[in-house]
Every structure is written in structure tokens, then in C-alpha cells.
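Please open the model in a viewer and keep the sequence alongside.

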Amino acid sequence: MNLEAFILGCGGMMPLPNRHLTSVLLRREGELFLFDCGEGTQVSLRRLNLRWKKISVIFISHMHADHVTGIPGLLMLSSQVDRDDPLYIIGPPRIAEYIESSRRVLDMYINYEIIVQEITSPGIVYKGDGFHIRCFPLSHTKPCYGYTLEEEMRPGEFFPDKANALNIPMGKLWGKLQKGETVKTDDGRVITAGEVVGAQRNGRKFSFVTDTLAIPEISTHVIGSDLFVCEGMFAREIAEDAHAKKHMTAEEAARIAAASTGIKKLALIHYSPRYTEFELKQILAEAKEVFPDTVLCRDRMVFPIEYSG
């Protein structure tokens with residue numbers, strides 16, 4: 001089952017010609033989830049040839065313009081592509097007011113159902129087939145949430161050699177054992193799954209964190225992330241200014257990853273427009289000193305998220 005993250009925009013505060021505002025699309029098989037929707041989101045969706053009408057849910061971190069200004073255009077666009085399924089929008093307080101006022105003031109033609117859910121407490125905000133999406137509080141100038149998509153545990157590896165050694169005929173019995181069931185052979189023997197199947201294996205995990213101070217609680221929530229997309233807005237030399245604005249530096253994002261357990265890759269996002277391409281290399285270097293498996297997000301970058309075992 002494929003799981004991929006598409007960086008639709010990697011910038012913060014204001015869009016630049018090659019740096020749209022923050023937005024990440026996660027594709028799990030045919031289902032699409034959008035995390036934040038900054039200005040320019042539609043451009044990257046089109047250039048990546050992604051089927052935006054298949055977006056099931058939009059998750060919003062907080063109510064600042066550079067994270068929500070792409071929503072109205074996306075809502076109107078979806079009315080032009082024969083959308084049948086409802087669109088869920090999940091986010092902090094006032095997201096419902098923003099959606100409703102945008103629809104009213106812009107006199108939007110919407111021919112599908114929009115379901116808005118405001119977060120009232122941390123926890124699971126969406127459940128799907130074999131996975132769930134959880135939110136957790138961050139520390140910013142407005143109520144702000146991070147998100148994780150976590151898959152359920154997978155069945156253990158099936159060992160055909162063990163099944164053959166037990167003279168279990170290939171076919172239905174093998175299928176049942178792979179599902180963890182106990183079976184009975186034609187000669188009356190009872191075989192448990194544990195005799196031919198290994199221990200359960202982890203699913204995959206994606207985490208999205210932006211616009212926050214580097215609070216220690218984040219490390220707990222992102223444990224085991226195969227891909228951890230995190231704000232790296234400023235260089236260490238202006239850490240004091242970053243903290244005053246309730247943002248973190250790239251180095252602090254790396255420290256969160258290093259303090260957590262099982263992070264496979266840190267992808268820095270939402271960096272300040274003050275930085276040139278050359279200066280961004282320095283920000284990346286500062287993060288890699290702490291967490292070597294760090295990359296700098298670029299618009300339309302794609303991250304396949306693989307099973308670890």
C-alpha cells in the first residue's frame with residue numbers, strides 16, 4: 001500500500017516565485033489528505049497532476065493567513081470537477097467561521113457537502129481503514145495543532161518454509177494463518193498462526209508540525225515517525241527573535257527529532273522569506289549537525305514513505 005507525502009508549498013509568511021506557502025498533501029493509496037493550505041496550493045496540485053477532488057480531509061494547524069488562504073480557491077475548484085464525496089475540514093476554533101464567511105462573501109457555488117469540525121481537545125480527529133489521524137497542541141500566538149497519521153500494526157511475516165515443514169497444504173489454510181487465525185488440517189492437527197507467522201510489524205507514521213515554540217512535548221507525539229515534517233523557520237543566530245514570535249529554529253527542530261525515538265527522516269518546512277537559497281543551505285547544515293537525516297523541503301518535492309520491516 002503506497003504512502004507518499006507531496007510538498008505543495010514550503011515557505012512561511014509570504015509566497016515567493018519558487019516558494020509557495022506551507023501545504024503538504026499525503027496520499028495513502030487513492031485517499032488524499034491535505035495539511036494546511038497556503039497560497040499557491042492549487043498551482044502545485046496542478047503541476048504534480050494530483051486529483052484534488054479526491055482530497056478527503058483538510059487539516060489546518062492554526063488560523064494565520066499563510067496557512068489558510070488557499071482554501072477558498074480549492075473549495076471553488078472542487079465544484080468544477082464533479083465531486084461526489086463530502087469534504088471534511090478539521091482545524092482550530094474559528095475555522096468554521098472562516099469557511100462560512102468565505103462562502104458567503106465570495107458567493108461561492110458549492111455543489112458538494114462541506115463538513116467542518118473544530119478541535120475542542122487533543123486526540124484522534126479522524127479514523128480510516130487501518131489508520132487514524134491524531135492532533136496535539138503546539139505553542140504559538142494562536143491555538144495551533146500538530147498532526148500525526150499512524151497506521152495500525154501489520155500482521156507478522158509469513159514463513160512458507162515453516163508451513164511446508166508442518167505439511168500444511170498451500171491455499172486457504174495459508175491465507176487464514178497469515179491473517180492470524182488458528183486452523184485445523186484435514187488430519188485433525190490444530191495449527192496456530194504463531195507457528196508459521198512472525199511477530200506483528202509496525203505500520204507507518206507521518207507527522208506534521210509547524211508554527212510553534214520547541215516545546216518538549218512534541219518529541220513524545222512524533223515518536224516513530226517515518227517522515228517528520230517540521231518547521232525550521234529561522235537560523236540559530238536569531239533564535240531570540242524566533243522565540244519572541246513563537247517560532248523555532250531549524251536546529252531546534254532537529255533537537256526535537258533527536259530527542260524522540262525512531263525518527264527516520266526530518267523534513268524542514270515553513271522557512272522565512274528572508275533567506276536566500278545560499279542561506280537555506282546554512283540552516284540545513286545547522287540542523288544536520290544535530291540530526292543527520294534531515295532534508296530541506298522544496299516545492300513539489302515527493303517523499304515515498306516505506307515500511308520499515
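**A helix pair**

Select α9 and α10 to begin: α9 passes α10 in a right-handed crossing, a crossing being right-handed if the near helix is turned clockwise from the far one by less than a right angle, and left-handed if anticlockwise. Next, display the side chains at the contact (heavy atoms within 4.5 Å): α9 contributes Ala250, Glu251, Ala254, Arg255 and Ala258, and α10 contributes Ile283, Glu286, Ala287 and Val290. Coloured by class, this contact of α9 with α10 shows 6 nonpolar, no polar and 3 charged residues. Here Ala, Val, Leu, Ile, Met, Phe, Trp, Tyr, Cys and Pro count as nonpolar, Asp, Glu, Lys and Arg as charged, and the others, Gly among them, as polar.

Helix α9 spans residues 250-259 and helix α10 residues 277-290; their axes lie 8 Å apart at an angle of about 25 degrees. The two helices are therefore roughly parallel to each other, the term for angles under 35 degrees. Axes are lines fitted to C-alpha atoms, for helices over the stretch in contact, and angles run from 0 to 180 degrees between N-to-C directions. Helices (H or I, at least four residues) and strands (E, at least two) are DSSP runs, numbered from the N terminus.

The model is predicted: local features need pLDDT of at least 70 and side-chain atom pairs count only at pLDDT 80 or more, while totals for chains, interfaces and linings use all residues. Residues are numbered from 1 along each chain as its sequence is written, and side-chain values use heavy atoms, with hydrogens and water left out.

**The open sheet**

Select the seven strands in the order β6-β5-β4-β3-β2-β1-β16, an open sheet with mixed pairing; two strands pair if DSSP finds at least two bridges between them. Then zoom to β1 (residues 3-9) and β2 (residues 23-28), which run antiparallel and are joined by 6 bridges; Ala5 has Leu26 of β2 as its bridge partner.

**A covered strand**

Finally, select β12 (residues 205-209): 5 of its 5 residues are buried, meaning under 20% relative accessible area with a 1.4 Å probe, protein chains only. Lys205, Ser207 and Val209 point one way, Phe206 and Phe208 the other. Strand β9 (residues 145-151) pairs with β12 in the antiparallel sense over 4 bridges, and β13 (residues 227-231) runs parallel to β12, also joined by 4 bridges.

Terms used
Parallel < 35°, antiparallel > 145°, perpendicular 65-115°, else oblique. Buried < 20%, exposed > 50% of the residue type's maximum accessible area, 1.4 Å probe, protein only.
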